[in-house]
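Good morning, everyone. I would like to walk you slowly through one structure today, beginning with the terms we need.

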Amino acid sequence: MPIPSTVPPTRFSADAIDPNRPVIEGHHGAEYYALMTEALHKILLEKQLLTLADTDRVIAALEAPNVTWGARIVAEAWRDEAYAQRLVEDGSKAAAELGFKIKEAKLVVVRNTPSLHNVIVCTLCSCYPRSLLGQPPWWYISKNYRARTVREPRKVLAEFGLELPAEVEVRVHDSNADMRYLVLPMPPPGAAERPVEELIPLVTRHMLVGTAVVAG
Amino acid sequence: MGEPPFRGYHDIGGLPGGPIQQDEHPFADWQKLSEAIRGALEQKDRCVSLDEIRRAFESFGEPLYETLGFYERRAEALTLLLDEKGLVDRAEVLARMDALAAGRGQRVDHAAKTVMEAK
């Protein structure tokens, strides 16, 4: 497929989209943009707009967050109902209690119950609580996940191996520039009495997005 | 009012789509560096913001939005934005890409967004 050349940005695009045309999952250009990034970095260093230490520091901050940070919050909520309630009331504040600073936006925690299952998407971009969980998985940033999850969530969940009974309500949360979501999954039996270290490995990234539930 | 609501090409929620590819891809070094350049410029001089990056890839045209991957779109937007702000000339970036490629026995096709072995 021929790839069009770049057009300069305009104030906004007047492109209309055909609501019946499927999304196109393009993944071209990795080698080209790797080279562009290398070239841009060299130029920024030469112009002294950046130093090597500047990008090294941000790379370290990008690499540090991971699923266990989110799992730590969930484990705490499973053990302490008062904490779970504070978490649902103000996610950013409750995360900060455990030392996790959500830098990019307000953290909203949505709680699963026996009759409600939450799932997270970002249809417009790929907003994700990166400062807590790290980079999103490939499928989360894919156009097929972004497009379909709000239209046919049960079908999407089934593709991830999660079949929910019809009586369980499925609620889809569409992230935006000012909000990041985290799912609080339902606990395994006896979670309140188990140590945090034992609970953390039970929480997967899929559970925190809502594409899986705790086994058993 | 009276006009239908504006919908940009990035506003894909609810559109039909195919199966979701569930394979994992590592966070590549160049992707980290690209994100770090933006983050560092934002933290240091506040000269680019994520909102501006979004505005750039939400207006650089539907054909590019469809063909490029997620980090590739953001990298394209970053260069466009720095050029627009007069901080880095886009032509200088493209020329540097050519020079880097030439040093490795490669050449760049800027229209096709590919790098290949030089004959």
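Helices (H or I, at least four residues) and strands (E, at least two) are DSSP runs, numbered from the N terminus. With that wording, chain A has 11 helices and 4 strands.

Please keep in mind that this is a predicted model, in which local features need pLDDT of at least 70 and side-chain atom pairs count only at pLDDT 80 or more, while totals for chains, interfaces and linings use all residues. Residues are numbered from 1 along each chain as its sequence is written, and chains are lettered from A and ligands numbered from 1 in the order in which they are written.

Staying with chain A, an automatic or database domain assignment divides the chain into domain 1 (30–62) and domain 2 (65–209), and the C-alpha centres of these two domains lie 32 Å apart.

Let us turn to the contact between the chains, where two residues are in contact if their C-beta atoms, placed from the backbone, lie within 7 Å. Chain B gives 67 residues to this contact and chain A gives 65 residues, and on the side of chain B the largest share, 11 residues, comes from H1(B).

Finally, consider helix H2 (residues 50–57) of chain B, in which B:Ile53, B:Ala56 and B:Phe57 are buried, meaning that 20 or more other C-beta atoms lie within 10 Å of the residue's own. Seen down the axis of H2(B), the directions from the axis to the C-beta atoms of these buried residues fall within an arc of 90 degrees, so they line one face of the helix. There they pack against helix H1 (29–45), helix H3 (62–67) and helix H4 (70–84) of chain B.

Technical notes:
A residue is buried if 20 or more other C-beta atoms lie within 10 Å of its own, exposed if 12 or fewer, and partly exposed in between; C-beta atoms are placed from the backbone.
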